[in-house]
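Today I opened my notebook to look up charged pairs. Come along and follow my entries.

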Amino acid sequence: MEFEFDLPKGYVDADGNVHRHGAMRLAMAIDEIEPLRDPRVQANEAYLLILLLARVVIRLGDLPAVTPEVIEGIYASDLAYLQDLYQRLNAPESVVVGAVCPNCSTQFQLQIAPHS
């Protein structure tokens with residue numbers, strides 16, 4: 001499945017062209033596992049997001065490919081946008097967590113739906 005998006009600011013290429021419209025696919029397990037072997041991730045855990053997005057963002061404007069260098073070159077607000085989109089698309093349908101009533105200390109399960 002592919003999900004189209006428009007970046008808030010857009011990636012500006014070397015010729016000054018702005019690329020905003022793109023598509024992201026759902027992640028597979030290998031998309032989250034494979035980048036962990038990369039030395040850049042081992043040196044800086046935050047780089048995992050760059051490699052992960054470069055794998056699942058399948059189209060961005062007229063660019064021939066979305067590489068880690070492209071993701072490195074987007075604005076911070078666009079990176080945050082893509083990270084949020086990734087999390088929303090790949091989150092479980094709902095999460096069940098244990099909770100405790102602050103008044104009576106009764107323990108119960110609480111089902112939380114992902115945000116939209």
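**Salt bridge notes**

I began with R88, which counts as partly exposed at 32% relative accessibility. This is a predicted model, so I keep that in mind throughout.

Next I looked for the partner of R88. I found that its side chain meets that of D84 in a salt bridge, at 2.9 Å from N to O. D84 is partly exposed too, with a relative accessible area of 28%. Both residues sit in helix α5 (residues 76-90), and they are 4 residues apart, so about one helical turn separates them.

A reminder to myself: side chains of opposite charge can pair when their charged atoms come close.

Then I asked how many salt bridges the structure holds. I noted 7.

Another of my entries is R59 with E4, whose side chains form a salt bridge at 3.9 Å, N to O. I checked where the two belong: R59 is in strand β3 (residues 57-60) and E4 is in strand β1 (residues 2-12), so this pair ties together parts that are 55 residues apart in sequence. E4 is exposed, at 56% relative accessibility, while R59 is partly exposed, with a relative accessible area of 33%. I also wrote down that E2 joins E4 and R59 in a network of salt bridges.

My last pair was R25 and D31, whose side chains meet in a salt bridge at 2.7 Å, N to O. Are R25 and D31 buried or exposed? I looked them up, and both are buried. For buried, the relative accessible area has to be under 20%.

Technical notes
Residues numbered from 1 in each chain as written. Predicted model: local features only at pLDDT ≥ 70, side-chain atom pairs only at ≥ 80, totals over all residues. Heavy atoms only, no water. Salt bridge = Lys/Arg side-chain N within 4 Å of Asp/Glu carboxyl O. Buried < 20%, exposed > 50% of the residue type's maximum accessible area, 1.4 Å probe, protein only.
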